[in-house]
Protein chains: 6
Amino acid sequence: VKLLVINPNISDSVTSLIQAEAERSASAGTQLTMLTAPFGVAYIETRFEALIGAFAVAQLAAAHHVGHDAVIIAAFGDPGLGGLREALPVPVLGLTESALASACLLGHRFSIIAISQRIQAWYREVVEANGLIGRLASIRALDRPLASIGNVQDEHAQGLRTLCERAVAEDGAEVIILAGAPLAGLARSLRGQLPVPVVDGVSSAVKHAESLVALAPGKAMHGSFAPPPAKPNRGLPDAIARLLGGNRLKA
Amino acid sequence: VKLLVINPNISDSVTSLIQAEAERSASAGTQLTMLTAPFGVAYIETRFEALIGAFAVAQLAAAHHVGHDAVIIAAFGDPGLGGLREALPVPVLGLTESALASACLLGHRFSIIAISQRIQAWYREVVEANGLIGRLASIRALDRPLASIGNVQDEHAQGLRTLCERAVAEDGAEVIILAGAPLAGLARSLRGQLPVPVVDGVSSAVKHAESLVALAPGKAMHGSFAPPPAKPNRGLPDAIARLLGGNRLKA
Amino acid sequence: VKLLVINPNISDSVTSLIQAEAERSASAGTQLTMLTAPFGVAYIETRFEALIGAFAVAQLAAAHHVGHDAVIIAAFGDPGLGGLREALPVPVLGLTESALASACLLGHRFSIIAISQRIQAWYREVVEANGLIGRLASIRALDRPLASIGNVQDEHAQGLRTLCERAVAEDGAEVIILAGAPLAGLARSLRGQLPVPVVDGVSSAVKHAESLVALAPGKAMHGSFAPPPAKPNRGLPDAIARLLGGNRLKA
Amino acid sequence: VKLLVINPNISDSVTSLIQAEAERSASAGTQLTMLTAPFGVAYIETRFEALIGAFAVAQLAAAHHVGHDAVIIAAFGDPGLGGLREALPVPVLGLTESALASACLLGHRFSIIAISQRIQAWYREVVEANGLIGRLASIRALDRPLASIGNVQDEHAQGLRTLCERAVAEDGAEVIILAGAPLAGLARSLRGQLPVPVVDGVSSAVKHAESLVALAPGKAMHGSFAPPPAKPNRGLPDAIARLLGGNRLKA
Amino acid sequence: VKLLVINPNISDSVTSLIQAEAERSASAGTQLTMLTAPFGVAYIETRFEALIGAFAVAQLAAAHHVGHDAVIIAAFGDPGLGGLREALPVPVLGLTESALASACLLGHRFSIIAISQRIQAWYREVVEANGLIGRLASIRALDRPLASIGNVQDEHAQGLRTLCERAVAEDGAEVIILAGAPLAGLARSLRGQLPVPVVDGVSSAVKHAESLVALAPGKAMHGSFAPPPAKPNRGLPDAIARLLGGNRLKA
Amino acid sequence: VKLLVINPNISDSVTSLIQAEAERSASAGTQLTMLTAPFGVAYIETRFEALIGAFAVAQLAAAHHVGHDAVIIAAFGDPGLGGLREALPVPVLGLTESALASACLLGHRFSIIAISQRIQAWYREVVEANGLIGRLASIRALDRPLASIGNVQDEHAQGLRTLCERAVAEDGAEVIILAGAPLAGLARSLRGQLPVPVVDGVSSAVKHAESLVALAPGKAMHGSFAPPPAKPNRGLPDAIARLLGGNRLKA
C-alpha cells in the first residue's frame, strides 16, 4: 500500500512529526510519500488559512497522487477533503474524519483537545459538517502561546494532559481525540496514562487508509463524489487542469 | 455604499448577469465594483471547483477590498465565505447565506431550485453548514445539459418554473430560492407568477450588504471571526500575504 | 417605504425608544407609523403575556396596515408573527427573527443578551422555532429588578456590557444580539466597544423590512402562509373580521 | 376530578363531538365542564386563527378555571397552551401534546392524519415545538372540501381510513394520531380496523389530565412556567387581569 | 385493570419500594402483580447490566403476562422495552418513557436526578433514543457510594434535594424527574417542597398504563412493533419460545 | 491479531458466510475464532430478537474472549455492543457501527440495503443511536420472503442490485452499505458494478478491529465505558458472573 501524505502547512518540523507517527502506525508493507505545502502558513488555525491549505493540498495531490493507493490530508480540519474525494481516483482521508471514525468505534461521546483557543470554533464546525455534533462532549484547548509549532507536545505536556483529564471528569468524554498534526504521536506517548481511550488523527488516518485500500469499495462514478464534470477552465495549475479535464481557455 | 462583487467563476457572461441584477437591486447611492475570477472553471458545481473558486475569491478580495464597504461572493455555495469573513475588515456576504436570510423572513420552509443535478448535494451541505437543514423543504434541479451557462434562464424557462411549482405543491415549500448566479434576475422575472414568495441570491446579497453597512455592527476582533493571527507564511500571493501579516519566509 | 411599527406592549416609553432607533436606522425615504398596544402589559416576559400581545398586535395590524409596505412587530419573541404573515398582504417582520437574520450574516454562533432571567426560556423556544438552536451560543440575562422599563439601558449599562463580554469570552459568541425593545439603540451606543459584532432587533427589522419591500418577493397565495381560508366567524373585532373575510355569525 | 374542557373554536357541533368522546373516555368520578369560544372561527387551520383561539381560550380559562382540577384546550395545535400553563394553578393540557404523549408510549414513529391540506404545516411546527420532529413519520390530510365541520368523520370515513393505511404502509407509521377535535371519537370507531395503534387527542387529554391530577406533581413557582410576574397592565378582560395581578392602569 | 410490574434487578428491597409507590398510585380497581428478576444484579447502572436485565424481564414477561392488561418494566432505562412492545399482546411501559411522558405534559425542559455518577451517560442515551434530547436540561447525580440500594432516599435525602434545586436554578429545569426505582416514592415525599413539578417513573408508569388500557389503542399487527415473524429458533427458555412461535430446532 | 467473531444468530450457514468474508478481509497475520449463538433465532429482524441475541453474545464473549485482541459482534444492528464494550478488556465492534465508519470515510450520505422490510425500522433506530441519522439517505429492503437465510445473496441477486441502484439514483446515496451478515461478501462480488462505493459490515469490522488493535487506544477505566462496578448478583451464567465480579448471591 502506497500512501501519499500531504501536510497542508509549510512547517517541515510538523511534517517530520507526521512522518514519524505515520511510520510507527503503518503496516509492514505500507510505503509513505511525504509532502509539505510549498505555500501557506506555519499552521492552520482559521477558516481563511484552511482555504489556502486546501488549494495547496489540491495542487500537490493533483500533481503527485499517481502511483499511490490513497491520499491523506494531514491537518486536523481536513482542508480540501470533500473536493479531493471527488477529484481523485483513490480514497482520500483527513485527520479529523479519521480520528472521528476511530473515536466512534470506542465510545459514544468524545472530546477534542486542541493546541489553541482560536482553533476551537473551526473544529466544532468540522464536527458539525461530519454530522457528529451530537456526540461531541467538548473541545478544550491550550490557552498559552506556542513557542514552536514543532515542539508543542513537549512544551505543553502537562497542560495537554490536564485538558484530557478535565474532559473526562467534567465533560463526560468517553474517548479523547488529540487534534492537530503538531500533536502527532502524543496519543502513543500517553498510552495507559489516561482513563479513557485516546486517538489521534495521523495514526487513525494511516490505519483507515490501509483499510479502505483493502476493502476496495470503489470510486464514485455517480452522485456528488463522482469526478467533477469536464467544462471550460482557465488559468489553473497544470496538474489541476489535467485532473479536471475540460477545455482549457486562454488566460 | 461601495460593494465589491466577485464572481468566483471565469464566465464573463455570468458576471454580466450578476451585474445586471445587482444594479437593479442596489439603492440609489450604491456603487458596484464587479470582478471575475482570473482562474477557475466556467461554473461551480462541485466541492472541488468550490475549493478553487474560494482561492480565486480570496486573492481578488485581498487585492481589491480596500475602498469598499462590503464584499459579495457571487456564487451560490458561498466559496471562501467563512475565511474571508475572518480576514477582511468589512462585511462579507455569500449568495446562499443571503438568500437563506431572505427566505427565513418570508416563511418557515423553503425549497432551492438549482441548475444541475450534480450541484444538489453540495447545496444541501451548505444549508446544513448554515444550520438550517430543518427548514429545507427540498432541492430540485434541472436534469438536462446546459447549452450555455449565460443563457440558462431563457433556455430552461419552462423547466425552472415547473420545478418551482412542484416544490410548492409536492414538497411544502413556503418560499422559493432560485439558486446560482446564472439564475440572477429570474426571481424578478417570475414576480407574480409563482404561488409563494421567490428570492434569489444576488438581489438578496446586495440588499443585505447595504443593510449591514448601515447597521455597522462592527468587525470581530475576538473569537473565531477575528483576523487570523499573524504567523510565518511562505509563497502566498502578495495581496493575501499582506492581508495576513506575519513573517514572510523565503520560498 | 412606509413601515407600520407596532409595540405589543402598553409602554409608551418603550415605543419612544423603538421609534428613536427606528428613525436612526431608516433610510432617507422611509416613513414610520408607530402604534402602541391599547391593552396588555408593560413588557412581555412570558408566553402568557406574549399570547395577549399577539392578539393586540393582530387587532392593530388588521386595522392599520392599509397604506403601509411592511409591518414590524416590535417586541423580541415576535408575538403574532406567524399568524400575521399569513393574514396580511405585505411582509411582516419581528425583532427576534430580524436580529437572527442579521446575526447569521455576521458569524456562526450568537448569544442573546436579555433584560430578565424569566424571559430566557421563552427566547430559547423562539430560537428553536426559528430552527437556529444549533447556532445559539448562550442566552444571558440581567438578574436584578428593573426600576423602569424605559430606562433599562442606562440603569444597567455596566451589567449589560459585562453580559456581552462574558458571552464572548465564555460561551463562544461570535455575534451579540441585544434582545428586547427596551434595549433598542444600545447596539448603536456600544459600537466599537465590544470584541464582536453586535446587532439589535429594531434596527435589523427596519433594514430588513426595507429590503423585503425592495426585493418584492410576492405574497404567498398557496401553502401555509397564504391568507386563511374564508369561513364562518363570530364576535371578532371588526378589523380582524374584515381581514379574515368569511361569514360573520351573530354573537 | 373536575376537568374544564375548552373548545377554542365557535362551533357547537364540534364541542358536542368533544364532549361525547370526553365522556366516553373519562373515569367514573370525573366531571366535565364544556365551554365553547364566544368569538373566533368555525375551526382553526392557520397560525392566525390559532392566535385568535389562544386569546379566546385564555379568557375562558381565566374566568372559569376555579373549581377545576385541570384544563384541556380542545383543539389540535394547542392554542394558548404554553401561556396558560404558566398562568393557571392547575395542569393544562392540549390535544396535540396529549396525543403525542400517548403515541410515544406505543411506538417510535407516528403519523398524523388531518382534515385539511392547509393545516399540515402548522401541525408540523407544533410537533417541532414539542421537540418530536425526529419521530414524525408523516402528516397526511384530506384534500377535499369539508361540507360540515361537525360531520367530517362520516362524510370522509373512507378517505380518512385510506390515509391511515397509507401512513402505515408507505411512511412507516408505527402509531396513528387522528388530529383535530372534529375527529374526536374516530379512534374509538376504528378500533381493531387499523394495523397499528390509533389514538386521538380528546381521549388522550382526558386520561392524561386525570393522571396529572392523581400524580399531583405540583405547580411551577420558579422558572419559565411560574405565574407571570405582576406588573402594570391595561385594558385586559377582567378575568385575565385578575389572573395576572399587577397594577391595572387606566385605559 | 391488572398490571404486571417487573423489577429487572434482583433486589427485593427495591421491589418493595416499587410496589409501595405503585399501590399508592394505582386507581381503585387496579391490581398489581409484582415480580423480581431471578437473575441479574442488585441494580442496573450500565449498558451491560441493562442487557442482562432485559433478558430477565423478557423471560418473566413471556411467562407471566397472560391475564394482565399491561406490563411495566420497573427500571429506569427501560431494559427490554422495545422488544417486549413487539412481542407482547398488551401495552408495555418503562419507567423512563413514562416519566418523560409526564414531564413533557408539565414543561418544556426537564432534568433527571439519578443515584450514581456512572448511570448518567446511559440515561442520556435513553433520552436520545426517545428523541427528546432537545428537551433535556441536565442530568445530575449523587456522587457518593450507596450504602444500601433500598435505602437511598433516606440516606441521601438532602443530597437529592440539593440536586433538584440546582437543576432548577442552574440548568433551567422546568420539571424534575426522579430517576430509578430506588427513588420510587420520593416525588410524593417532596411534593410542595420543590419550585417546579416533580415526577417519578413508577407512579407515571402506573397511571399511563391505566390510561393505555382505557384508551385501548390496539396492538400493532404491521410495522416494526408487530410480533416478530415466526422462524426457526433454538435453546430458548420455554416461555420465550412459546411467545415467538416458529419452529424449535433441537439444541 | 486474534479476533473473536460471534454470530448472535443460531444459523451455521450464516456463520459460514461471515467466516468466508472475514477470512478474505483479514490481514496475513490475523487469526479468527468463529462462534455461533447456542440459543436464539435463525436471523434477527426485530428488537425482541436482538435482545435475545445480545444475551447470547454476552455469554459467548464472556466465556471466550480471553486470548483474543478484539471481539466482533457479527450481526447488523450490533446486539449487545454497548454493554460488551464496557465489560470486556478489548475492543468490541459491531457490523453496523463498522460499516458506518467505513461509509463516513467515503461519502457524506449513505443508504442501507437490507434483506427484509421488517428490519428497516430497527436499523433506522440503530443509525439514530449512532448519531448519524442526518447522513442516512435511505434504507431500502427486499420485499419478498427469503427461502433460505444462507442463500439470500444468490436468490435475490438482481433484487439487491436494483435496490442499490435506486438508492443512488433516487435517494442521493453517495455510499451503499449492504446490511446484515447474510449479505457478507456481496460487497466484494458487486465491486465495480455499482456507481458508488459499496461496503459491508463483516469486512469493515475485520479491518477496523485490526486497526483498533494496532492503534491500542486503551480501555476505558473511567466514565460510562469502564467495566461495570462490582456489586451483588445472582443466577448469572458463570462466565458473565466472573466478568462482572462482585458478590454472587445464592439463587
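Visitor: How many residue pairs are in polar contact between chain B and chain A?

Guide: A polar contact is a pair of N or O atoms within 3.5 Å; within protein, one must be able to donate a hydrogen and the other to accept it, and residues adjacent in sequence count only if both atoms are side-chain atoms. Between chain B and chain A the count is 24 residue pairs, both at pLDDT 80 or more. This is a predicted model: local features need pLDDT of at least 70, side-chain atom pairs count only at pLDDT 80 or more, and totals for chains, interfaces and linings use all residues. Residues are numbered from 1 along each chain as its sequence is written, chains are lettered from A and ligands numbered from 1 in the order in which they are written, and side-chain values use heavy atoms, with hydrogens and water left out.

Visitor: Which elements of chain B supply at least two residues of the side that touches chain A?

Guide: Helices (H or I, at least four residues) and strands (E, at least two) are DSSP runs, numbered from the N terminus. On chain B, the elements are strand S3 (40-41), helix H2 (47-64), helix H3 (81-87), strand S10 (233-234) and helix H10 (238-244). H2(B) gives the most, with eight residues.

Visitor: How is the size of an interface often given?

Guide: As the accessible area lost when the parts come together. Buried area here uses a 1.4 Å probe and is summed over both parts. Chain B and chain A bury about 3400 Å² between them, 66% of it on carbon and sulfur atoms. Contact means heavy atoms within 4.5 Å. By that rule, 42 residues of chain B touch 42 residues of chain A.

Visitor: How many salt bridges does the rule find across this interface?

Guide: The rule asks for a side-chain nitrogen of Lys or Arg within 4 Å of a carboxyl oxygen of Asp or Glu. It finds eight between chain B and chain A. One of them joins A:Lys231 to B:Glu45, with the closest N and O atoms 2.8 Å apart.

Visitor: In which sense do S3 of chain A and S10(B) pair?

Guide: Two strands pair if DSSP finds at least two bridges between them. Strand S3 (residues 40-41) of chain A and S10(B) are antiparallel, over two bridges. A:Val41 stands opposite B:Asn233.

Conventions. Buried area = accessible area lost by both parts, 1.4 Å probe.
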